[in-house]
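Colleague: I would like to go through the terms used for this model and hear what each one rests on. Please take them one at a time.

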Amino acid sequence: MKRQRVSAAAARRIALAAQGFGSQRPDGSGNLGHLKRVIDRLGLLQIDSVNVLARAHYLPLFSRLGNYDSAQLDGLAWGRKSRRGLFEFWAHEASLLPLASQPLLRWRMARAAEGASKGSLQRFGREKAAYIEEVRREVEDRGAIAASELADGGPRRGPWWGWNDGKLALEWLFFAGVVTTATRRGTFERVYDLTERVLPAEIQALPTPSPEEAQRELLRIAARALGVATEFDLRDYFRLPVADTKARLAELVEAGDLLPVEVEGWNRPAYLDPTARQPRRVEARALLAPFDPLIWERDRTERIFDFFYRIEIYTPVAKRKHGYYVLPFLLDDRLVGRVDLKSDRARSKLVVPAAHLEQGIEAREVAAPMREELRLMADWLGLDGLELPTAGALGREWARMKK
């Protein structure tokens with residue numbers, strides 16, 4: 001099949017539109033309907049424990065909606081059973097997903113329960129089956145429980161971040177779909193309960209699709225969220241197996257659900273969502289979290305935006321180039337800079353230790369919209385002040401703007 005050719009600029013705009021950029025933000029703080037529409041568009045929100053700014057799952061919604069009420073997301077994820085709209089599972093890493101996607105991941109839960117998945121957790125499942133059953137019965141008898149509350153969780157394995165046997169047992173049950181997250185509390189500690197007691201009955205009653213159909217639908221969701229993508233981009237979105245992905249992609253192309261294309265500058269074949277918007281221009285402004293689905297696949301980010309990005313949390317301080325928790329800044333259809341950010345809650349300030357421009361970008365072009373976005377983020381986080389750097393091109397421009 002002859003592949004349609006897509007220019008690099010068009011691919012960039014298609015990707016941005018697919019991710020919800022280029023549309024006007026809602027007036028005010030938005031509402032629950034806005035949140036649901038963004039989550040449905042993205043397909044999932046990645047969860048991460050780093051809280052130097054805000055937890056990762058809150059930030060993609062801010063990037064697209066502005067000053068929204070994050071308590072609404074908490075309610076969708078961990079609120080009362082009758083109001084839930086999301087569930088936790090391993091998708092693209094630990095993730096929050098729409099409840100309607102739960103049947104699409106049952107094949108993954110089944111493979112984990114059967115021991116067909118790889119990794120240390122699966123080895124633990126084979127070696128500690130009797131103990132895992134004891135933990136399951138304890139959850140059944142006691143109700144929602146954290147790993148720290150198990151009667152016999154055992155000592156931690158290895159250093160302070162090592163899981164003990166009780167935590168490993170709960171995580172095995174979680175991966176197998178036997179338990180799920182009932183709520184989060186305190187320091188974001190996961191509280192587990194039997195899945196049948198957490199998920200609404202109408203979700204549990206949904207039929208289980210075959211693994212093949214579930215994988216096809218997950219790839220359709222990924223394609224809609226990405227707009228245009230390589231096989232790896234699509235596979236990575238829900239971390240699907242290589243062989244399964246290749247087989248399902250061929251089926252989707254044959255059915256017309258994906259269109260094979262060549263993208264200017266890409267060295268791999270690509271696929272276009274037939275329903276993707278192809279705007280002539282994109283007007284957008286956003287600070288992007290490290291785990292935002294627009295940029296979480298770093299090679300794709302460089303391919304689309306010519307923007308080399310690596311998070312430096314685990315890089316020694318002396319070797320960091322841009323900072324600890326750095327967010328790229330999107331202006332229209334380009335990534336024009338990046339800012340290191342920190343929520344100083346004690347002083348009620350959004351602190352910007354450093355701000356950097358991309359090569360060839362002028363400070364006067366970026367300073368005002370970036371400062372406005374930083375001010376909006378401070379308001380959203382409930383912080384009173386904004387502490388900007390004075391060094392560098394952006395710092396000097398901000399200092400000049402104050403005069």
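Modeller: The model is a predicted one.

Colleague: Why does Thr 180 count as buried?

Modeller: Buried means under 20% relative accessible area. Thr 180 has 6% relative accessibility, so the residue counts as buried.

Colleague: Which residues is Thr 180 in contact with, leaving aside its neighbours within four places in sequence?

Modeller: Glu 88, Phe 174, Val 191, Tyr 192, Asp 193, Thr 195 and Val 198 are in contact with Thr 180, with those neighbours left aside. Contact here means heavy atoms within 4.5 Å.

Colleague: What makes S6 and S7 a pair?

Modeller: Two strands pair if DSSP finds at least two bridges between them. S6 and strand S7 (residues 189-194) have six bridges, in the antiparallel sense. Arg 184 stands opposite Arg 190 in S7, and Arg 185 has Glu 189 in S7 as its bridge partner. The hairpin of S6 and S7 has three residues between the strands, and Gly 186 takes a positive phi near 55 degrees there.

Colleague: How do you know that S5 and S7 pair as well?

Modeller: The threshold is at least two bridges, and S5 and S7 pair over two bridges in the antiparallel sense. Ile 145 stands opposite Tyr 192 in S7.

Colleague: What is the order of the three strands in the open sheet, and what is the sense of their pairing?

Modeller: The order is S5-S7-S6, with antiparallel pairing. Strand S5 (145-146) and S6 are the edge strands, since each pairs on one side only. H8 packs on this sheet and touches S5, S6 and S7, with its direction at about 60 degrees to that of S7.

Colleague: What makes S7 mostly covered?

Modeller: Five of the six residues of S7 are buried.

Colleague: Why are H6 and H8 called roughly perpendicular?

Modeller: The axes of helix H6 (residues 120-127) and helix H8 (residues 165-175) cross at roughly 100 degrees and come within 10 Å. Angles of 65 to 115 degrees count as roughly perpendicular, and H6 and H8 are therefore given that name.

Colleague: Which residues of H6 and H8 meet?

Modeller: From H6, Leu 121, Gln 122, Phe 124 and Gly 125 meet Asp 165, Leu 168, Ala 169, Glu 171, Trp 172 and Phe 175 of H8. By class, this contact has six nonpolar, two polar and two charged residues.

Colleague: Why is S13 called largely enclosed by the rest of the structure?

Modeller: Strand S13 covers residues 334-344 and has eleven residues, nine of them buried, so the strand is largely enclosed by the rest of the structure.

Colleague: How many bridges join S12 to S13, and over how many do S13 and S14 pair?

Modeller: Strand S12 (residues 326-331) is joined to S13 by six bridges, and the two run antiparallel. S13 and strand S14 (residues 349-357) pair over seven bridges, in the antiparallel sense. Leu 330 stands opposite Leu 335 in S13, and Arg 338 has His 356 in S14 as its bridge partner.

Colleague: What is found in the turns of these two hairpins?

Modeller: Two residues lie between S12 and S13, and Asp 332 in that turn has a positive phi of about 60 degrees. Four residues lie between S13 and S14, and Ser 348 in that turn has a positive phi of about 55 degrees.

Colleague: How do you know that the span of H15 agrees with the value of 1.5 Å a residue?

Modeller: Helix H15 has 18 residues, 363-380, and should span 26 Å at 1.5 Å a residue; its end C-alpha atoms are 25 Å apart, which agrees. The buried residues of H15 include Val 366, Met 370, Leu 374 and Trp 380. Gly 382, which follows H15, has a positive phi near 75 degrees.

Notes
Residues are numbered from 1 along each chain as its sequence is written. This is a predicted model: local features need pLDDT of at least 70, side-chain atom pairs count only at pLDDT 80 or more; totals for chains, interfaces and linings use all residues. Side-chain values use heavy atoms; hydrogens and water are left out. The expected span of a helix is 1.5 Å times one less than its number of residues. Buried means under 20% relative accessible area, exposed over 50%, partly exposed in between (1.4 Å probe, protein chains only). Axes are lines fitted to C-alpha atoms, for helices over the stretch in contact, and angles run from 0 to 180 degrees between N-to-C directions. Angles under 35 degrees count as roughly parallel, over 145 as roughly antiparallel, 65 to 115 as roughly perpendicular and the rest as oblique. Ala, Val, Leu, Ile, Met, Phe, Trp, Tyr, Cys and Pro count as nonpolar, Asp, Glu, Lys and Arg as charged, and the others, Gly among them, as polar.
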